[in-house]
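Have the model open and follow along.

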Amino acid sequence: MRVPAAGAAPALPPPADLAALHAQAFPMLRGAMIERAARYGEEMSVEPGRVLLNSGDREAAFYIVLQGYAEVLEPADGMMRSLLVHRDGEFTGSLDLFTDRPNAVTVRADTPCRLLRLSRAALEALILAERPLAEIILRAFMLRRIGYLQRRPHGGAILRSVKKSEQEDAVMDLAVIGGGPAGLAAAAYASSEGLQTLLVGGSLSCGDAPGLDVFVGFPGTFTGLCEGPLLRRAEDQSKRFGAHVMPLRTVSRFDGGCYPYRVWLDDGRMIEARSLIVATGMQECDVQARTVQANTAWLDGWLDTDDRGYIHTGRAAAGSMQARDYESSQPGVFAVGAARAGSAKHVLASIAEGAAAVRVVHRFLDASAH
């Protein structure tokens, strides 16, 4: 399949669409929503110039502006460049809050401000307990990651050390298989960091199995936040920002005996990719017993898995003493989220794994000198 070359600027949506996307990326919380969020944080007042978050630091927090203006800045050419200003009811943050990545931006008070501050742990508790708020926040975080690097003054950041041809390339840098939280996070990070990325399977990793959302040991929000409107909107918005998304397709077969790797879709099309992230999650295999297994049968035995199909990664993968984090027994094929053996089966852990795996994909591609 042919897609725009990596590094080429995607066509921007029409102005009306941009306005709608901006409103969803930077929503304004009102009365009842703020009252619910207040249960998880503490109110504080700060003077103008107070730095709330520092770029490069790993200490993170989530702020809702109750009154005043908080400016977001990025380091550029030894100076701080203003990106945007948060106003009453708006909130700071991005998907980086759920990862080990350092803060990409600095946030400081532009005026005297009243703020509601939530620690990272408190935000995670809110996400898991307050579904209406969780949907607003996660949708905003996903959109900010997808759109931020493409709207910033210097354009997208290409983290790859290898220069790519400006011509179109039929082989993808990365195919992300599965469009749940782990897959969407991986695709958002990869495409915003310059990798030629395809996301396949909008609902594949969430499953439609009845009862999975109340299965003992799996937080109810795992399927609650995976299903329906949140991910469908995120997929649609990803597409409008230039990401390559095939939300209605599923995979039928994988060939690990050639390189680039090949993946066949349910409509017969074949995709070639230099690396894969498997994020196809779980499926219920026994409704009566409420047992689940990994949704990895399509891998045709190419990867080392446990007896329920969960993919071994890193040193746990057979013959892979030198394997990178999240890397399976097949070099360049990574597993994240619920499909990975030993992973925590909830939405925030899946987002963190999807984001973290992209760093490892960069290292694999650079080492492979493609």
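Here is a tour of the sheets and the helices that go with them.

First, some housekeeping: this is a predicted model, where local features need pLDDT of at least 70, side-chain atom pairs count only at pLDDT 80 or more, and totals for chains, interfaces and linings use all residues. Residues are numbered from 1 along each chain as its sequence is written, and side-chain values use heavy atoms, leaving out hydrogens and water.

Start with the open sheet of 4 strands, which runs β2-β6-β4-β5 with antiparallel pairing. Strands here are DSSP runs of E, at least two residues long, and helices are runs of H or I of at least four, both numbered from the N terminus; two strands pair if DSSP finds at least two bridges between them. At the edges sit β2 (51-53) and β5 (79-86), each with a single partner strand, so one side of each has no neighbour in the sheet. Look at β4 (residues 70-76): 7 bridges tie this strand to β5 in the antiparallel sense, and alanine 70 faces histidine 86 of β5.

Now hop over to the open sheet of 3 strands, ordered β1-β7-β3 and again paired antiparallel. Its edges are β1 (42-46) and β3 (61-67); each has a single partner strand, so one side of each is left without a neighbour in the sheet. Between β1 and β7 (residues 113-119) there are 5 antiparallel bridges, with glutamate 42 opposite arginine 117 in β7.

Helix α2 (residues 31-38) packs on this sheet, touching β3 and β7 (contact means heavy atoms within 4.5 Å). Helix α3 (residues 120-129) also packs there, touching β3 and β7.

Note on methods: Axes fitted to C-alpha atoms, helices over the stretch in contact; angles between N-to-C directions.
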